[in-house]
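Hi,

Here is the structure I promised to send over. Have a look at it first, and then read on for what turned up.

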Amino acid sequence: MKRLYQWITLALALLVIGSVYLYISKALEAQKNKVRQPRPAAPEQAMDVGVIRVLPAQHAAMIQVSGIAEPHYALTLTSQVSGKVVKLAKTFEKGQRVSQGQLLATLHNTDLTSTLATAKNTLANAVLTLKEEERQEQQSIAEWKAAGFSGQPDSDLVLRKPQLAAAKAQLAAAKAALADAEDDVRNTQIRAPFDALIVTRLIAPGSYLSAGSEVATLYSTDRVEVNLDLAHSDWQKLPDANELIKQHWPAQISSMDGRQQWRGSVLAVDMHIDDTTRMRRLVVSLERPLEQSPPLLPGAFVNVKLQGKPIDNLWQLPNSALSQKSEIWYISDDQRLATFAATPRFVDEKYVYIDVPEQMRDKAYQVLTHPYNSYLPGSLVNPQENQNSASEGTTP
């Protein structure tokens with residue numbers, strides 16, 4: 001009996017334990033199923049981005065180069081003859097301007113005066129000799145005919161043809177000698193060869209000059225020229241050489257501080273590339289530089305700006321719009337981020353100019369002004385147009 005009671009107690013305990021185990025298992029399964037149930041998805045959040053609305057348009061690059069304003073002619077004036085300086089013009093001073101043909105200095109040389117007198121006398125004798133030979137020739141011909149001879153004599157000396165030729169040659173030599181003597185005397189007056197600025201004066205009253213002695217340094221005042229060495233990339237932005245010269249392509253010349261400006265033009269284009277620098281030279285000129293307001297002085301260091309040829313289908317974007325990976329980010333029709341790789345056609349201080357993909361030239365696009373490396377294509381965005389974004393800084 002006691003043994004039976006023990007078996008019944010054990011059976012009831014096992015039943016209770018099984019019931020508890022079954023209850024706990026179902027509770028855990030229910031909890032597990034509850035955890036596995038999907039939660040409702042949260043709505044996608046659009047992030048704010050700064051954009052600028054742009055259309056394809058025609059733009060031209062601006063090329064800026066520095067150079068030195070050099071005179072058209074820079075001449076070291078020399079004396080053509082020797083002599084003593086007896087007179088200087090009042091305007092023959094450093095810093096003064098003189099006109100072409102203006103007298104600068106006068107030399108004295110008695111030998112040249114004497115030579116001129118001798119040349120005049122020689123010329124007069126040569127003229128007389130020629131006239132005498134012409135008369136004798138006529139007389140010889142008349143005597144030949146009067147003697148009844150026919151044809152030509154055996155020797156030209158009979159009709160004095162060689163004597164006449166010699167007289168003519170002597171006259172020509174006398175005229176040439178007289179011209180040389182007159183030039184020498186004329187060169188005792190030293191004159192300005194062109195409109196010029198006197199840079200240095202190297203003589204004084206009483207100075208004795210030999211032929212070839214330096215008198216002064218002169219700069220022409222008709223124009224100044226600025227030689228600009230341009231790289232191949234710059235030449236690609238400009239029209240061809242013929243158009244630059246034919247149209248007198250404008251060039252803005254300015255002082256280094258930008259306070260003074262002048263309007264010049266393209267004068268010449270080198271048709272070769274320098275062997276050392278691998279650059280090609282372009283010459284910009286300014287007419288009558290000293291008559292400008294303010295005057296542009298020869299020797300000044302200047303900046304020159306040249307506008308390039310117009311290029312179609314470009315976006316003008318703030319410099320910050322080009323990402324560090326050389327990409328342009330824009331907003332697609334479904335308000336999501338999209339991008340394409342871009343190589344700028346040219347840049348300036350504020351803008352970058354991008355060739356617009358052919359399939360994107362039909363309408364305006366919103367382009368990000370500050371694309372970050374963390375942006376992902378396809379992200380939903382809320383574009384914020386900024387009218388002043390073109391003046392913003394570099395890409396972060």
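How many aromatic pairs does a search of the whole structure find? The answer is nine. Before the details, please keep in mind that this is a predicted model.

**Aromatic pairs**

Let me start with W329 and Y375. Their rings sit edge-to-face, 6.2 Å centre to centre, with 70° between the planes. The two residues come from distant parts of the chain, 46 residues apart. W329 belongs to strand β16 (residues 327–331), while Y375 is in the loop between β20 (365–368) and β21 (381–385). Are these two buried or exposed? W329 is buried, at 6% relative accessible area, and Y375 counts as buried too, at 13%.

Another pair to look at is Y330 with Y365. The ring centres are 5.6 Å apart and the planes stand at 90°, so this one is also edge-to-face. Y330 lies in strand β16 and Y365 in strand β20, so the pair ties together parts that are 35 residues apart in sequence. Y330 has a relative accessibility of 15% and counts as buried; Y365 is buried as well, with 11%. These two tyrosines are also members of an aromatic cluster, which they form with W315 and F340.

One more ring to show you is that of W235. The charged end of R280 sits over this ring, 4.4 Å from its centre.

**Salt bridges**

Side chains of opposite charge can pair when their charged atoms come close. The structure holds 10 salt bridges, and I'll go through a few of them.

E291 and R97 meet through their side chains, with 3.5 Å from N to O. This pair links distant parts of the chain, 194 residues apart: E291 is in the loop between β14 (280–287) and β15, and R97 is in strand β5 (residues 97–98). E291 counts as exposed, at 52% relative accessibility, because the cut-off for exposed is over 50%. R97, at 38%, counts as partly exposed.

The loop between β14 and β15 also holds R288, whose partner D195 is in the loop between β7 (189–191) and β8 (196–201), 93 residues apart in the chain. The closest N and O atoms of R288 and D195 are 3.8 Å apart. Both ends are partly exposed: R288 has a relative accessible area of 32%, and D195 has 29%.

Then there is E225 with R223, a salt bridge in which the closest N and O atoms are 2.9 Å apart. Here E225 is buried, at 15% relative accessible area, and R223 counts as buried at 17%.

**Pockets**

Which residues line the largest pocket? They are M62, Q64, K305, D348, E349, K350 and Y351. By class, that lining has four charged residues, two nonpolar and one polar. The volume of the largest pocket is about 190 Å³.

The second largest pocket holds about 150 Å³ of space. Its lining is made up of M62, W249, P250, A251, Q252, W262, R263, K305, L306 and Q307. Six of these count as nonpolar, two as polar and two as charged. Strands β12 (250–255), β13 (261–269) and β15 (301–318) each supply at least two of the lining residues. If you colour both linings, you will find M62 and K305 in each.

Cheers

Methods. Residues numbered from 1 in each chain as written. Predicted model: local features only at pLDDT ≥ 70, side-chain atom pairs only at ≥ 80, totals over all residues. Heavy atoms only, no water. Phe/Tyr/Trp six-rings, centres within 6.5 Å; stacked < 30°, edge-to-face > 60°. Helix = DSSP H or I, 4+ residues; strand = E, 2+ residues; numbered from the N terminus. Buried < 20%, exposed > 50% of the residue type's maximum accessible area, 1.4 Å probe, protein only. Lys NZ or Arg CZ within 6 Å of the ring centre and 35° of its normal. 1 Å grid on protein atoms, 1.4 Å probe; cavity = no way out; pocket = protein on both sides within 12 Å on 5 of 7 lines; lining within 4 Å. Points joined across faces, edges and corners; volume = space filled by probe spheres on them. Nonpolar A, V, L, I, M, F, W, Y, C, P; charged D, E, K, R; others polar. Salt bridge = Lys/Arg side-chain N within 4 Å of Asp/Glu carboxyl O.
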